[in-house]
Amino acid sequence: RFLRAAQLYRMMRDGGVGLFESPTGTGKSLSVICTALRFLRDARSDSDANAKPGAGGDCADDEPDWMKHHAKDTLRAQLLAER
């Protein structure tokens, strides 16, 4: 039985752990990546819709620390290059 995006999405939404198996060459990696990106996009849309007006609204606050550090390092390198 092939990996089904709906099952994977439901597992992510419900906060569960899933074990999915599919034969070689059936697009498992692409299915997981696309489904995860869709789930994250939907989750962000839901949280934006439920956000209270004036509650901070800085979208960088919900980014992972490694992304914040990378953005800061990139900006620092660009500023140094402009000198």
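**Reading the model, feature by feature**

Tutor: Start with the rings. This is a predicted model, and a search of the whole structure finds 1 aromatic pair.

Student: How is an aromatic pair described?

Tutor: Two quantities describe a pair of aromatic rings: the distance of the centres and the angle of the planes. Here the partners are Tyr9 and Phe39. Their centres are 5.7 Å apart, with 80° between the planes. The geometry is edge-to-face, because planes over 60 degrees apart count as such.

Student: Which parts of the chain does the pair tie together?

Tutor: Tyr9 sits in helix H1 (residues 5-14) and Phe39 in helix H2, so the pair links parts 30 residues apart in sequence.

Student: How exposed is Tyr9?

Tutor: Tyr9 has a relative accessible area of 24%, which makes it partly exposed. The cut-off for buried is under 20%.

Student: Now the overall fold. How many helices and strands does the chain have?

Tutor: There are 3 helices and 0 strands. Along the sequence the pattern reads α-α-α.

Student: What share of the residues is buried?

Tutor: Of the 83 residues, 10% count as buried. The accessible surface of the chain is about 7200 Å². Carbon and sulfur atoms account for 57% of that surface.

Student: And how should I read the contacts by sequence separation?

Tutor: Take the contacts between residues at least 6 apart in sequence. Of these, 41% join residues at least 24 apart.

Student: Which residues make a nonpolar surface patch?

Tutor: Ile33, Leu37 and Leu40 make one of about 310 Å². Look at Leu37, found in helix H2. Its relative accessibility is 54%, so Leu37 counts as exposed.

Student: What does Arg38 form a salt bridge with?

Tutor: Arg38 pairs with Asp42, and the closest N and O atoms are 3.2 Å apart. These two residues are 4 residues apart in helix H2, so about one helical turn separates them.

Student: Where do Asp73 and Arg76 lie?

Tutor: Both are in helix H3, 3 residues apart, about one turn of the helix. Asp73 is partly exposed, with a relative accessible area of 41%. Arg76 is partly exposed as well, at 45%.

Student: Which residue forms a salt bridge with Arg13?

Tutor: Asp14 does, with 3.2 Å between the closest N and O atoms. Arg13 and Asp14 are both exposed.

Student: Last, confidence. What is the mean pLDDT of the chain?

Tutor: The mean is 79, and 83% of the residues reach 70 or more. Compare the helices next. Confidence is lowest in helix H2 (residues 28-50), at a mean of 84. It is highest in helix H3 (residues 65-82), at 87.

Student: Where does pLDDT stay under 50?

Tutor: Over residues 54-59. For that stretch the model has 0 contacts beyond four places in sequence.

Student: How should I read coordinates where pLDDT is low?

Tutor: Not in detail: low pLDDT means the predicted coordinates should not be read that way.

Conventions:
Residues numbered from 1 in each chain as written. Predicted model: local features only at pLDDT ≥ 70, side-chain atom pairs only at ≥ 80, totals over all residues. Heavy atoms only, no water. Buried < 20%, exposed > 50% of the residue type's maximum accessible area, 1.4 Å probe, protein only. Contact = heavy atoms within 4.5 Å. Areas by Shrake-Rupley, 256 points an atom, 1.4 Å probe, with all protein chains shown as cover. pLDDT = per-residue confidence, 0-100. Phe/Tyr/Trp six-rings, centres within 6.5 Å; stacked < 30°, edge-to-face > 60°. Patch = residues over 30% accessible without salt bridge, like charges linked within 9 Å, V, L, I, M, F, W, Y side chains within 5 Å. Salt bridge = Lys/Arg side-chain N within 4 Å of Asp/Glu carboxyl O.
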